[in-house]
Amino acid sequence: MPAPAAACSLLLLLLLVAPVAAGDCVIHGVRWSAWANRGHLTEGLIIPAQTFSAFTFDLSVGLQTLSVIMDISSELVWVQCGPGLRRKPTFLPGLRPSFAPIAPCPSSVRNNSDSFGQIHYADRTCHPGETGCAARCRYVEHIYGAGNTSGYLATETFGLGNRVFTGVVFGCSGNVTLRDGLAGVSGFVGFSRGPLSLVSQRQISRFSYFFVLPDDPDNGKAFVSLSWADGADHADVKGSHTPLLAARPNQNPYLYYVNLIGLQVDGQLLTDIPAGTFDVRANGSGGVFLSTTLPFTYLEEAAYKVLRRELMSRIRSQGLAPVNATVGHSLCFLTQHFSKLKVPKLALVFDGAHATMELKAQNYFLPVPDGQTTCLSILPSTSGGSVLGSLLQTGRTMTYDIHGAGGGRLTFAGAPAPAKVSLATLLLVWVLLF
């Protein structure tokens, strides 16, 4: 066999026999999509209105393919519906209304697919609702930090990665009130613990995601993976582990909480943060949860002040002063000088053996679109709790095991490694070739 042909055959065989990524359902093509004008989330940051992002992937709904946002803090799966709504819908500018399921009343249903079904207000899935032509099961869904959406519940067949799910309960939204536009996106897929989330409806016992920024060398590796308890991929996941905490009284029972013990800068624990800063208080405030739709991270103010002071001190020691040292809460530097700095290394210390998440500078410092300043993307919380946002999570694989006792377990690791080819595989290729 000529050398080039042998090389091509070897490559083909390696592709055919290489192990696939763990998980019963793997979704590739996860994208970093524009989320415009997040000014309401940047109070205290003295920077222009700008564009942040959310992580999206394609979801088949009936006969249509829609672009949706993954939201681990939301219960409902919903898409914005177009024609067929009883009342004229309020479309959000930039949102793509691309699902047209039914005609105005149940008596004149015209589905865009045979698998679409309505949920009546008297169904056990629904809370008491209206009657008559408006007898659909209606809902109002709060989108954490972004707004609200309302519509009616229905069922449809969903296609996700290499799996097809029938009878999925989802929201057909006719009115969407978000504070910002989401260009080219049609809805949200809830991954929270809530009963109507995709995770709960399909009894998913583990899910993982790996998100990156557009200019990251690992950009092509972004994915979302779903697993079930009867799968063979539930061997212990490599990485650092910390417990996922069950919600305490007066806390939102659907969120994923973790026990954040402290912060490190350049390997040194910030001991000036008061003990118990991240604890849950009796009224349900406090605590720490994760989000994939809030780009910034929000820390309890007592912790934020210590962190800000330490970062500013270490950067000042290199001869660079912030552009707004005494203004508001923001911490910004001129980009032309900041890019030459040795940025202090930040790490989050969680409950668990060796459960320290070491961050890269791009996880907590963000260049502003004006091209002149770079700002800390961690802000003080005003809600009585802390939120670990999506920018902080980029560049690492986050795995949520939620099928065990208690709240489950969060595992975080670096970028997914390339698939390894075993010695037996290489021997098989050699035999087939020669």
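Predicted model: local features only at pLDDT ≥ 70, side-chain atom pairs only at ≥ 80, totals over all residues.
**A friendly note on the sheet, the cores and the aromatic pairs**

1. How far apart are the ring centres of Phe350 and Phe412, and at what angle do their planes lie? The centres are 5.7 Å apart and the planes make 55°, so the pair is called tilted. That label follows because edge-to-face needs an angle over 60 degrees and stacked needs one under 30. Phe350 sits in strand β20 and Phe412 in strand β27 (residues 409-413), so this pair ties together parts that are 62 residues apart in sequence.

2. Now follow β20 into its sheet. The sheet is open and has 4 strands in the order β16-β15-β20-β21, with antiparallel pairing. At its edges are β16 (268-269) and β21 (356-358), each of which pairs on one side only. Strand β20 (residues 346-350) is joined to β21 by 3 bridges, and these two run antiparallel. For an example to find on screen, look at Leu348, whose bridge partner in β21 is Met357. As a reminder, strands of a sheet pair through backbone hydrogen bonds, either parallel or antiparallel.

3. What packs on this sheet? Helix α3 (residues 301-316) does, touching β15 (260-265), β16 and β20. The direction of α3 makes about 15° with that of β15.

4. Next, the nonpolar cores. The largest has 80 residues, and the members that touch the most others are Phe57, Phe191, Phe207, Val224 and Tyr400. Helix α3 supplies the largest share of this core, 7 residues. Both domain 1 (49-201) and domain 2 (236-411) contribute at least three residues each. There is also a second, separate core of 14 residues, with Leu76, Cys137, Leu153 and Phe188 among them.

5. Beyond its neighbours within four places in sequence, Tyr400 is in contact with residues including Ile72, Phe207, Tyr256, Leu290 and Leu410. Tyr400 also belongs to one aromatic cluster, together with Phe55, Phe191, Phe207, Tyr209, Phe211 and Tyr256.

6. How many aromatic pairs does a search of the whole structure find? There are 15. In the pair of Phe207 and Tyr256, the ring centres are 5.8 Å apart and the planes stand at 65°, so this pair is edge-to-face. Phe207 lies in strand β11 (residues 206-210) and Tyr256 in the loop between β13 (240-245) and β14 (257-258), so the pair links distant parts of the chain, 49 residues apart. Are these two residues buried or exposed? Phe207 counts as buried, because its relative accessibility is 0%, and Tyr256 is buried at 1%; the cut-off for buried is under 20%.

7. Finally, find Met398 in strand β26 (residues 397-401). Met398 is buried, with a relative accessible area of 0%. Setting aside neighbours within four places in sequence, the contacts of Met398 include several residues from the points above: Phe207, Met357 and Phe412 are among them. Another distance you can check is from Met398 to Ala415: they are 17 residues apart in sequence, and their C-alpha atoms are 9.8 Å apart in space.

Notes: Residues numbered from 1 in each chain as written. Heavy atoms only, no water. Pairing = 2+ DSSP bridges. Contact = heavy atoms within 4.5 Å. Axes fitted to C-alpha atoms, helices over the stretch in contact; angles between N-to-C directions. Core = buried A, V, L, I, M, F, W, Y, C linked by side-chain atoms within 4.5 Å. Buried < 20%, exposed > 50% of the residue type's maximum accessible area, 1.4 Å probe, protein only. Domains from an automatic or database assignment. Phe/Tyr/Trp six-rings, centres within 6.5 Å; stacked < 30°, edge-to-face > 60°.
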